Amino acid sequence: MNELTQKIQRILTPKAALIAYRCDECRTNSTEYFLELRPIHKNGQMGAGMPVTYEFMNALMESYTEEMSGIPAGVLPENLLACNPRKGQEEYIWYNPPGKRQMFFHKQLNIPDGVFHVPGIIYHIRSERMDVYAFKGKKPTGKTSLYLAPFFNVTGSSVCLGSCSLEKPQNPSFLSLMEYWEKRFWLTEFVHLGGRQNPTVLNLVTVTENARNQPFDMNELRPFNKQLKDILP
C-alpha cells in the first residue's frame, strides 16, 4: 500500500468548529470579526463556544504555513511541460533545448572539467527523485522519442544525485525550483557509469570528449523505447 492510498483511506474525525461572526449592521467595510471555537463531541454535536486564543491561532497558522511551504507559484516557464504541485504528490517535467553545459568530472574518469555540447534534455522530478532523458530536436512534443541521457551518474533514467549542499528554496517560483534541480544535476561531479552500462553507441568517455569542441553527435543516442507522452502525468 503506497503513501497516497494510506492517506485516502484514513478516517478523519472532526474535533472542533471555528466560527467567525461579524456585525452586519456595522459599517460595510468593517473588518472586525469575533472568532469562536466550538468542540465537537463523539456524537457529532457541537459543545459550548469559547473565544479563540492567540495560542490556538498561532498553532493553526504554523501548521498551515508548514503544509504550504515549498509549493511553487508564479508565472509558468515556457519550457515547463507538466506539473503537479500538490503536497506529497509533487511532479514536474520540463526540458532544455540542445546547448552547452559546464560539467565537472571525478579525476578517475580522466576527463578535464569544461563546457560541453549536450543534446536536448528532459527533466522529470517526482518528490525527491530525478530522472533525465535525451531527445532529438529543439522542442519536444507528446510523440517525441526519448533516449538514454548520455551522461555519467545516470542508470536508465534515474539520476544518482549524491550529496548536495544546495539549499532548496522555501517559497520558490516555478523557475527557481527548476533551476534548483538543474543545478543539483549539473553541479554534481560526474563519477561513475550508471549500472555499468554505456548509454551511448561508442564509449561514453570518447563521446563526451568529442562534444567538447563540436556539437553533440545525435547518432550516439540510444533509444529509451518510450515517448514523452508515456511519462506525462
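The secondary structure of the chain consists of four helices and 13 strands; helices (H or I, at least four residues) and strands (E, at least two) are DSSP runs, numbered from the N terminus. The model is predicted: local features need pLDDT of at least 70, side-chain atom pairs count only at pLDDT 80 or more, and totals for chains, interfaces and linings use all residues. Residues are numbered from 1 along each chain as its sequence is written, and side-chain values use heavy atoms, with hydrogens and water left out.

Of the 233 residues of the chain, 33% count as buried. Buried means under 20% relative accessible area, exposed over 50%, and partly exposed in between (1.4 Å probe, protein chains only). Among contacts (heavy atoms within 4.5 Å) with a separation of 6 or more, 57% join residues 24 or more positions apart.

**Nonpolar cores**

In soluble globular proteins, nonpolar side chains tend to be buried together. A nonpolar core is here a set of buried Ala, Val, Leu, Ile, Met, Phe, Trp, Tyr and Cys residues joined through side-chain atoms within 4.5 Å. The largest one has 29 residues, and Met-130, Val-132, Phe-151, Phe-185 and Trp-186 have the most contacts inside it.

Leaving aside residues up to four places away in sequence, Phe-185 touches Met-130, Val-132, Phe-151, Val-154, Val-159 and Phe-190. A second, separate core has nine residues, including Ala-82, Ile-93, Tyr-95 and Tyr-133.

**Cysteines**

The structure holds zero disulfides, a disulfide being a pair of cysteine sulfur atoms within 2.5 Å. Cys-83 counts as partly exposed because its relative accessibility is 31%. Cys-160 also counts as partly exposed, at 38%.

**Cavity**

A cavity is a set of points, on a 1 Å grid over the protein atoms alone, where a 1.4 Å probe fits but cannot get out; lining residues have an atom within 4 Å of a point. Grid points are joined across faces, edges and corners, and a volume is the space filled by probe spheres set on the points. The structure holds one cavity of 30 Å³ or more, and the largest cavity has a volume of about 40 Å³. Its lining is made up of Met-103, Phe-116, His-117, Val-118, Pro-150, Phe-151, Thr-208, Ala-211 and Phe-216. S7 gives the most to this lining, with three residues.

Methods. On a 1 Å grid over the protein atoms alone, a cavity is a set of points where a 1.4 Å probe fits but cannot get out, and a pocket is an open set with protein on both sides within 12 Å along at least five of seven lines; lining residues have an atom within 4 Å of a point.
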